[in-house]
Amino acid sequence: MSILRWLAVIVFALATGVAGWMWTNQYAARQQSAAFLKLKDDIALIRNETVLDDDMIEVVRLPERFRDDLSGIAVPNDASYRSALLGERPVRDVPAGSLLLFAAFEPRLSGELAGRVTPGMRAMTISVTAASTVGYFVQPGSIVDLVGTLVMPPEGGEPVTLEQVETRTILQKVKVLAVGPARTLAEYQRLSGGGYSTITIEVSPKDAETLVFAMQQVNRPLTLMLRNPEDDSDVADSGVGWATLRQR
């Protein structure tokens, strides 16, 4: 056999070996592609006491066959799920190294929504649409700003004109407790058609008064602006009206 044929055989064997190695690794990755969140091996949670912190969590990868069995039971490795759980206290003890289960963070008081409300705050429900909720991407645990277009009446009893119509940011950094009947991300994913017509938010009593008054001044649902959960910045709001637009 000539040298060229030997070289061709060697190259073919090497290529076959590399392809087999790549396929084996890809197959193994697929078999371990169900990723869930778990506590670190030296971390345990105490019921109603321990506040879940990002440093307490790590990712565990399980065979793909476990994905369906654990769907809706164990918390998957997803950024939205992770951010929703941070800062929460479990309603039952969670042993060190355990998978994080939705049931461990269900509301207190026999599952009532009141168990999720921070002491001193209040829950209230407002009407929404697909357009006002970023196409229903607002989920339980989301942080939003609320914006509305209001008629700002002139002083002195003069007639209202278009000059008094302004769009303003009414509330900032508002936590969403529920969308429709869904209080958890697992329940949100099971919503029929993925849509809802109301959301329940957590506000202070003073902010609740502001919001109720503002909603009486608008003729359409308030617009929700979805925040990155790590964005804690304040919006400097001066209102936008016809005068502002004319200057642009």
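**Entry 1: Ser 98**

Ser 98 itself lies in the loop between helix 3 (79-85) and helix 4 (108-111). For the numbering of such elements, I note that helices (H or I, at least four residues) and strands (E, at least two) are DSSP runs, counted from the N terminus. I also noted that a polar atom of the Ser 98 side chain lies 2.9 Å from the backbone oxygen of Pro 95.

**Entry 2: Conventions**

I record that residues are numbered from 1 along each chain as its sequence is written, and that side-chain values use heavy atoms, with hydrogens and water left out. Since the model is predicted, local features need pLDDT of at least 70 and side-chain atom pairs count only at pLDDT 80 or more, whereas totals for chains, interfaces and linings use all residues.

**Entry 3: Strand 1**

I followed Lys 38 and Leu 39 into strand 1. Six of the six residues of strand 1 (residues 34-39) are buried; buried means under 20% relative accessible area, exposed over 50%, and partly exposed in between (1.4 Å probe, protein chains only). Which residues are buried on each side of strand 1? Ala 34, Phe 36 and Lys 38 are on one side, and Ala 35, Leu 37 and Leu 39 are on the other. I then found that strand 1 runs antiparallel to strand 2 (residues 57-62), joined to it by six bridges; two strands pair if DSSP finds at least two bridges between them. Leu 39 stands opposite Ile 57 of strand 2.

**Entry 4: Helix 6**

I listed the buried residues of helix 6 (residues 205-215), which are Ala 208, Leu 211 and Ala 214. They fall within an arc of 130° seen down the helix axis, so they line one face of helix 6; the arc is that of the directions from the axis to the C-beta atoms. An α-helix has 3.6 residues a turn, so residues three or four places apart point the same way. On the other side of helix 6, I found Lys 206, Glu 209 and Phe 213 exposed. The buried residues of helix 6 pack against strand 3, strand 4, strand 5 and strand 6 (198-203).

**Entry 5: Nonpolar cores**

I looked up the largest nonpolar core, which has 25 residues. Such a core is a set of buried Ala, Val, Leu, Ile, Met, Phe, Trp, Tyr and Cys residues joined through side-chain atoms within 4.5 Å. Among the residues with the most contacts inside this core are Leu 146, Tyr 196 and Leu 211. Strand 3, strand 4, strand 5, strand 6 and helix 6 each supply at least two residues of this core, and strand 5 gives the most, with five. A second, separate core of 17 residues includes Leu 37, Leu 45, Leu 85 and Phe 102.

**Entry 6: Positive phi**

I checked two residues other than glycine for phi. Val 134, in the loop between strand 3 (122-127) and strand 4 (143-151), has a positive phi near 55°. Lys 173, in strand 5 (residues 165-179), has a positive phi of about 55°. Is Val 134 buried, partly exposed or exposed? Val 134 counts as partly exposed because its relative accessibility is 36%. Lys 173, at 30%, also counts as partly exposed.

Methods:
Polar contact = N/O pair within 3.5 Å; in protein donor to acceptor, adjacent residues only side chain to side chain. Contact = heavy atoms within 4.5 Å.
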